[in-house]
Structures are given as C-alpha cells and as structure tokens.
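This briefing covers helix packing, salt bridges, aromatic pairs and a few positions along the chain. Please read it with the structure open.

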Amino acid sequence: MIKEHDFSFENLNVYHAVRELVKDIYLAQKQLPKEETYALGDQIRRAAISISSNIAEGSGRSSFREKIHFIEISYGSLMEVYSQLQLSIDLGYIEAETFSTLRKDIIYVAKMLSGLKASFEKHL
C-alpha cells in the first residue's frame, strides 16, 4: 500500500500549491458559457493539469537537467493558463474577482517554480 508522501514530488510545497490552483481553475472554468466547454474550457483544464503532471514527471528523472526541463514545461503550462484566463476575462466569461484571485495564485506558483528551478540549477 502506498503511503502519503511516498513520492518525492509529494513533498514539494509547489506541488501542493499547484493542486489547489488546479481545483480553483476547474471551478472558475465552470463560469464559461456552454459553447466554450469543449474549446476554451477544455484547453484551460488540460494546461492546468499539465502543470502538476510535469512537476511529478520531472521528479522521477535522474538528472537535474531533466528535472529543470520539466519544471520549465510546468512554467510554460502555467503561462498558458494565465493567457487563457486573460482571454476569458476579456470575453466577459469569468468575473474580475475570480481572475484577480487566480492571478495572485499564478504569480505565487510562478515564483515557487522559479525557486525550484534555481535550486536544481545549483546542482549542475
């Protein structure tokens, strides 16, 4: 039986922050109109999931270069989510308060990912 925190990524604060962000993004995308469920909504969900998935995948890599690569992919997915949320606010699909809250969380996660990347770079 797998115990909690058996995998290294589960000990990362950024991983927990991203999981919370993904939940909040899922809730926010429910504000999108039905015609966007399978377009913009699906794209936001997939990009959000990619953030945590790449943190997890990178943790399973043996070299720090590979770990850094997956952190960079996570960061790219985070920026993709941010861009899609900006479009959502521009189109009037989500509320300004929702966007503002998510923006703060995205900035927080971006800083954490940058810090994790910097810590890995020290090992190169």
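Helices α1 and α4 are roughly antiparallel to each other, because the angle between them is about 155° and angles over 145 degrees count as roughly antiparallel. The model is a predicted one. A search of the whole structure finds seven salt bridges, and there are four aromatic pairs.

**Helix packing**

- Helix α1 covers residues 13–29, and its axis runs 10 Å from that of α4.
- The crossing in which α1 passes α4 is left-handed.
- Helix α4 also packs against α3, at an angle of about 165° and with 10 Å between the axes.
- The helices α3 and α4 are therefore roughly antiparallel to each other as well.
- In passing α4, α3 makes a left-handed crossing.
- Sorted by class, the residues in the contact of α3 with α4 are 19 nonpolar, three polar and five charged.

- Lys117 and Glu72 form a salt bridge through their side chains, with 3.1 Å from N to O.
- This pair links distant parts of the chain, since Lys117 belongs to helix α4 (residues 96–121) and Glu72 to helix α3 (residues 64–90), 45 residues apart.
- Lys117 is partly exposed, its relative accessible area being 25%.
- Glu72 also counts as partly exposed, at 38% relative accessibility.

- A network of salt bridges links Asp42, Arg45 and Arg46.
- Asp42 and Arg45 are separated by about one helical turn, because they sit three residues apart in helix α2 (residues 40–59).
- The side chain of Asp42 also meets that of Arg46 in a salt bridge, at 3.2 Å from N to O.
- Arg46 and Asp42 are four residues apart in helix α2, so about one helical turn separates them.
- What is the relative accessible area of Asp42? The value is 24%, so Asp42 is partly exposed.
- Are the two arginines, Arg45 and Arg46, buried or exposed? Arg45 is buried, with a relative accessible area of 14%, whereas Arg46 counts as exposed at 53%.
- The cut-offs behind these labels are under 20% for buried and over 50% for exposed.

**Aromatic pairs**

- One aromatic cluster is formed by Phe7, Phe9 and Tyr15.
- Among the four aromatic pairs in the structure is that of Phe9 and Tyr15, whose ring centres are 4.8 Å apart.
- The planes of the Phe9 and Tyr15 rings lie at 70°, so this pair is edge-to-face; the cut-off for that label is over 60 degrees.
- Phe9 is buried, with 15% relative accessible area.
- Tyr15 counts as buried too, at 13% relative accessibility.

**Positions in and after α4**

- Ser119 is a residue of helix α4.
- With a relative accessible area of 29%, Ser119 is partly exposed.
- Ser119 and Glu66 are 53 residues apart along the chain, and 13 Å separates their C-alpha atoms.
- Where is His123? His123 is found in the segment after α4.
- His123 has a relative accessible area of 52%, so it is exposed.
- Between the C-alpha atoms of His123 and Ser63 there are 9.4 Å, although these residues are 60 positions apart along the chain.

Terms used. Residues are numbered from 1 along each chain as its sequence is written. This is a predicted model: local features need pLDDT of at least 70, side-chain atom pairs count only at pLDDT 80 or more; totals for chains, interfaces and linings use all residues. Side-chain values use heavy atoms; hydrogens and water are left out. A salt bridge is a side-chain nitrogen of Lys or Arg within 4 Å of a carboxyl oxygen of Asp or Glu. Helices (H or I, at least four residues) and strands (E, at least two) are DSSP runs, numbered from the N terminus. Buried means under 20% relative accessible area, exposed over 50%, partly exposed in between (1.4 Å probe, protein chains only). Axes are lines fitted to C-alpha atoms, for helices over the stretch in contact, and angles run from 0 to 180 degrees between N-to-C directions. Angles under 35 degrees count as roughly parallel, over 145 as roughly antiparallel, 65 to 115 as roughly perpendicular and the rest as oblique. A crossing is left-handed if the near helix is turned anticlockwise from the far one by less than a right angle, and right-handed if clockwise. Ala, Val, Leu, Ile, Met, Phe, Trp, Tyr, Cys and Pro count as nonpolar, Asp, Glu, Lys and Arg as charged, and the others, Gly among them, as polar. Rings of Phe, Tyr and Trp (its six-membered ring) pair if their centres lie within 6.5 Å; planes under 30 degrees apart count as stacked, over 60 as edge-to-face and the rest as tilted.
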